[in-house]
Amino acid sequence: MVDPVVPPFVPVLLAALVLPFVSRRVGHAVGVVATGAVVPYVWLVADGQHLPTELFGFDVVLFNVDAFSTLMGLVFGFIGAVAVLYSWASNADSVQTAFALGYVGTSLGAVFGGDWLTLVFFWELMAVTSTLLVWHYGGRAVRAGFRYALLHGIGGTLLLGAVVWHYVEVDSFLFTAAPDGMAGAVAPVLAAIGIGVNVGFVGLHAWLPDTYPRPHIAASVFLCVYTTKTGVYGMYRAFPEGQLAIAYMGGIMAVFGATYALFQNDMRRLLSYHIQSQVGYMVAGVGIGSTLAQAGAMAHVFNHILYKGLLFMTAGVVIYRTGRSDLKKLGGLAREMPITAGTFTVAALSIAGFPLFNGFVSKGIVVSASHYDFPKGPLAVGGFTTLELLLLLGGVGTFLSFIKFGYYAFYHGEYDGSVPDANRGQTVAMVSVAALCVGFGVFDSALFAILPYDVTSESVVSHAYVTYTVDHVVEGLVLAVIGLVGFALIKKPLKRLGRVPDVDSLYNPLAMYGTRWLVVATTELYAAVDRAAVATANVAVARTAGDGASADVASTSEYLRERSAFTMSLLLVAIVLVGVLAALLL
């Protein structure tokens with residue numbers, strides 16, 4: 001073990017600063033080394049090490065090492081290095097990769113912070129750097145990036161409000177000052193909603209499918225990893241003992257995301273909805289709150305980063321080689337792109353939770369916790385809890401979605417023309433991650449070794465978890481069969497289905513027209529007050545000065561018009577200030 005010298009985000013952020021000023025090859029090599037070095041560094045730092053300091057005059061812990069942050073650091077560092085390699089191989093420019101490394105570094109800062117102030121500080125920087133990463137691509141990504149920034153600004157503000165309220169309750173930002181999480185009655189609610197934006201709570205999720213399909217294919221690989229998983233980590237810190245409503249929200253996310261993914265034809269939009277669905281399993285684990293569930297949530301964070309990053313890489317290679325992202329315009333690519341098709345198949349089986357792949361291990365832990373450690377609920381049937389049924393239903397939807405993806409992209413029909421497979425750098429990146437997806441699925445003990453709790457010990461968890469039991473394997477195979485049969489039944493209706501509206505179809509125009517109405521109403525009110533003031537002044541002056549004072553009336557009217565404009569401006573400023581104060585006080 002080694003003592004920490006610097007927090008792991010420091011070399012990553014330094015690499016981000018250097019990268020635009022050196023050659024593209026050297027810069028990306030530096031990026032790979034800086035992010036890859038995080039893996040052995042956090043692995044070797046002893047549990048319990050911390051770096052106390054001050055931030056804005058408050059006591060904080062800039063680098064805190066425990067089992068949760070170590071797991072996050074390991075997978076963040078590894079996938080960051082792979083994504084930088086993929087960026088180089090996919091012709092991403094140096095500035096884009098610099099923004100991406102800034103995003104990685106700030107995410108590391110958030111998960112290694114030992115207090116709420118450090119976490120929320122890096123949380124906001126993470127939103128800034130990811131927005132820049134989206135915006136850099138230009139085109140349609142700009143407006144999507146604006147909406148992304150707006151929503152994450154709102155979420156971050158709510159989280160900051162929760163942190164301030166929490167500080168008032170416990171007089172400290174340190175996690176150790178409140179081991180039960182967010183204190184008081186208000187802070188937990190604000191934290192749940194604020195973090196809920198990042199993890200994609202249903203109703204707060206539309207930024208995911210809106211944003212992630214827009215930027216460069218390599219940018220999507222970074223984006224699919226850090227924001228939502230840092231959100232899950234933040235949710236655990238806020239609710240370390242679980243919360244019933246959050247657990248149910250996780251189950252609803254699993255079903256909602258998988259269902260909407262099934263409706264999509266754009267590859268990256270489909271994958272984005274499945275981020276919400278899979279994060280639902282993690283949120284459910286955090287909400288259940290038992291040691292088994294928390295270990296399962298973190299295991300699924302780890303595995304999801306691997307297979308979701310791989311899925312975005314395979315989709316990116318298809319777009320990179322064909323210029324197409326619509327499944328309806330693809331087909332037969334398995335013959336043309338066997339490496340991409342093979343790694344996609346590994347990732348698809350992993351995310352669906354098929355036996356011998358990593359998703360089967362971590363998803364099984366969460367589902368087991370929902371069975372053993374959670375109340376039955378209102379819809380419990382046949383020995384299954386309500387939450388367990390939601391998670392299993394989400395699993396069926398996942399099989400359906402990825403059968404659809406693979407069928408239309410790789411195995412249905414013939415591709416018109418010839419197209420090369422992934423290049424060498426893309427292949428190394430994809431095969432490396434695919435190998436881990438299989439490795440952690442077959443050798444589940446390797447995954448168990450990095451979890452915060454020993455899921456195989458009855459003295460640690462409520463029910464010792466064994467991955468490859470007959471019941472678990474049968475459950476995984478049954479879900480797969482249901483998915484295959486279900487896809488055969490709904491394939492034709494799905495093909496005819498157009499775009500299915502989501503909540504952003506409601507609140508995007510509502511926000512636009514609502515803002516427009518507010519501006520028009522304000523200006524019209526200003527004009528009405530101005531006209532009334534001038535008319536009143538004209539009458540008053542005319543009565544006082546008589547008919548011979550027309551010139552004085554005109555000059556006086558102009559003076560009063562200016563005074564009324566000034567008065568109206570003061571009135572508007574006062575209204576805004578009163579509104580802000582009322583919001584703060586209430």
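Visitor: Which residues line the largest cavity?

Guide: The model is predicted. A cavity is a set of points on a 1 Å grid over the protein atoms alone where a 1.4 Å probe fits but cannot get out; lining residues have an atom within 4 Å of a point. Around the largest cavity these are Arg147, Leu151, Ala206, Trp207, Asp210, Asp504, Tyr507 and Asn508.

Visitor: Which helix gives the largest share of that lining?

Guide: Helices are DSSP runs (H or I, at least four residues), numbered from the N terminus. Helix H7 (140–170), helix H9 (207–211) and helix H21 (504–545) each give two or more residues to the lining of the largest cavity. The largest share, three residues, comes from H21.

Visitor: How many charged residues are in the lining of the largest cavity?

Guide: Asp, Glu, Lys and Arg count as charged; Ala, Val, Leu, Ile, Met, Phe, Trp, Tyr, Cys and Pro as nonpolar; the others, Gly among them, as polar. In the largest cavity, four lining residues are nonpolar and one is polar. The number that are charged is three.

Visitor: How much space lies in the largest cavity?

Guide: The count is two cavities of 30 Å³ or more. The second largest cavity holds about 30 Å³. The largest cavity holds about 40 Å³.

Visitor: Which helix gives the most to the lining of the second largest cavity?

Guide: Trp123, Met126, Ala127, Ser130, Tyr148, His152, Asn198 and Thr227 line the second largest cavity. By class, four are nonpolar, four are polar and none is charged. Helix H6 (116–135) and H7 each give two or more residues to this lining. With four residues, the most comes from H6.

Visitor: Which residues lie nearest the centre of the largest pocket?

Guide: A pocket is an open set of points with protein on both sides within 12 Å along at least five of seven lines. The largest pocket has a volume of about 580 Å³. Its 23 lining residues divide into nine nonpolar, six polar and eight charged. Nearest the centre lie Arg140, Pro213, Arg214, Asp266 and Ser325.

Visitor: Which helix gives the largest share of the lining of the second largest pocket?

Guide: The second largest pocket has a volume of about 470 Å³. Its lining has 26 residues, with Gly364, Val367, Ser368, His472 and Glu475 nearest the centre. H16, helix H17 (386–411) and helix H20 (470–496) each give two or more residues to this lining. The largest share, seven residues, comes from H16.

Visitor: How many residues of H16 are buried?

Guide: Helix H16 covers residues 358–372. Buried means under 20% relative accessible area, with a 1.4 Å probe and protein chains only. H16 is largely enclosed by the rest of the structure, because its buried residues, out of 15, number 13.

Visitor: Are helices H12 and H13 roughly parallel or roughly antiparallel?

Guide: The axes of H12 (residues 267–288) and H13 (residues 291–322) come within 8 Å and cross at roughly 175°. Angles run from 0 to 180 degrees between N-to-C directions, and axes are lines fitted to C-alpha atoms over the stretch in contact; angles under 35 degrees count as roughly parallel and those over 145 as roughly antiparallel. H12 and H13 are therefore roughly antiparallel.

Visitor: How many residues of the contact of H12 with H13 are nonpolar?

Guide: Seven residues of this contact are polar. Two are charged. The nonpolar ones number 16.

Technical notes
Residues numbered from 1 in each chain as written. Predicted model: local features only at pLDDT ≥ 70, side-chain atom pairs only at ≥ 80, totals over all residues. Heavy atoms only, no water. Expected span 1.5 Å × (residues − 1). Buried < 20%, exposed > 50% of the residue type's maximum accessible area, 1.4 Å probe, protein only. Points joined across faces, edges and corners; volume = space filled by probe spheres on them. Parallel < 35°, antiparallel > 145°, perpendicular 65-115°, else oblique.
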